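Please read the numbered points with the sequence and the model in view.

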Amino acid sequence: MVRSSQSSKRPPEPVVHIIDDDASLRESLVDFFAALDMPVVAFANTASFLAEATPEAGCILLDIRLPGLNGLELQAHLNERGRKMPIIFMTGFGDIPMTVQAMKAGASDFLTKPFSDRDLLEAVRVAFARDAERRAAVAQSEAHHSRYHALTPREQEVMRLVVHGLMNKQIAYELGISEVTVKLHRGNVMRKMDVRSLADLVRIAEGLALGK
């Protein structure tokens with residue numbers, strides 16, 4: 001594995017993870033990204049990537065034809081385990097069926113060797129942006145789960161009934177409590193979930209699978 005310098009004390013930075021069995025290309029790509037002050041790590045095969053890498057942010061620049069587990073098989077392996085870091089495939093063959101398969105499985109881009117520095121950098125920038133959106137969505141989902149579990153059991157009940165469309169009177173009847181108490185719980189739910197509208201609360205509930 002080849003690695004450029006990167007501080008471990010900073011929040012996770014987007015890293016280019018290169019996997020290619022061509023040593024000269026690996027070194028060239030590492031030098032290219034390092035010259036742009038972009039964190040980069042490189043691996044000679046998928047086995048070493050799986051054994052040594054701890055990817056948190058960034059993208060994977062992946063040769064599609066590799067010994068052992070090939071690029072498409074690695075993509076499937078990562079997808080099965082919910083590891084959604086964007087993948088940019090590289091190939092010297094321009095195999096259309098493989099391109100289609102890779103894209104259907106969620107590849108960010110597909111570069112045919114030899115590719116230009118401009119095309120490479122643009123593909124990585126797009127992948128970084130895509131990964132940033134993914135991580136932001138994950139963080140938001142985790143925050144919603146945390147806020148929901150901070151609700152009292154009664155507040156959770158009220159929230160579930162609210163997002164199912166029940167009126168305060170109906171909720172009061174369903175739970176055997178007063179309408180005033182329902183309004184208090186409902187206000188607490190809106191405050192603790194950090195939302196200002198019922199529409200926002202419903203969207204969060206859908207993400208938490210409370211609307212089913």
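1. Asp194 lies in the loop between α8 (179–192) and α9 (198–207); helices (H or I, at least four residues) and strands (E, at least two) are DSSP runs, numbered from the N terminus. Its phi is near 60 degrees, a positive value in a residue other than glycine. At 56% relative accessibility, Asp194 counts as exposed; the cut-offs for relative accessible area are under 20% for buried, over 50% for exposed and in between for partly exposed (1.4 Å probe, protein chains only).

2. This is a predicted model, in which local features need pLDDT of at least 70 and side-chain atom pairs count only at pLDDT 80 or more, while totals for chains, interfaces and linings use all residues. Residues are numbered from 1 along each chain as its sequence is written, and side-chain values use heavy atoms, with hydrogens and water left out.

3. Asp37 belongs to the loop between α1 (23–35) and β3 (40–43). Although Asp37 is not a glycine, it has a positive phi of about 60 degrees. With 71% relative accessibility, Asp37 counts as exposed. As background, most residues other than glycine have a negative phi, and most peptide bonds are trans.

4. A cis peptide bond, with omega about -5 degrees, joins Lys113 and Pro114. Pro114 is placed in the loop between β6 (109–112) and α5 (117–150).

5. Which residues of helix α3 (residues 71–80) are buried? They are Gly71, Leu72, Leu74, Gln75 and Leu78. They cover an arc of only 160 degrees around the axis, which puts them on the same side of α3; the arc is that of the directions from the helix axis to the C-beta atoms. The buried residues of α3 pack against β2 (15–19), α2 (46–52), β4 (58–63), β5 (87–91) and α4 (96–104), where contact means heavy atoms within 4.5 Å.

6. The N-terminal end of α3 is capped by Asn70, with a side-chain oxygen 3.1 Å from the backbone nitrogen of Leu72. Just after α3, Gly82 adopts a positive phi of about 70 degrees.

7. The axes of helix α6 (residues 153–163) and helix α7 (residues 168–175) come within 10 Å and cross at roughly 130 degrees. Axes are lines fitted to C-alpha atoms, for helices over the stretch in contact, and angles run from 0 to 180 degrees between N-to-C directions. The angle makes α6 oblique to α7, because angles under 35 degrees count as roughly parallel, over 145 as roughly antiparallel, 65 to 115 as roughly perpendicular and the rest as oblique. On the α6 side the contact involves Arg154, Glu157, Val158, Leu161 and Val162, and on the α7 side Ile171, Glu174 and Leu175.

Terms used. A polar contact is a pair of N or O atoms within 3.5 Å; within protein, one must be able to donate a hydrogen and the other to accept it, and residues adjacent in sequence count only if both atoms are side-chain atoms.
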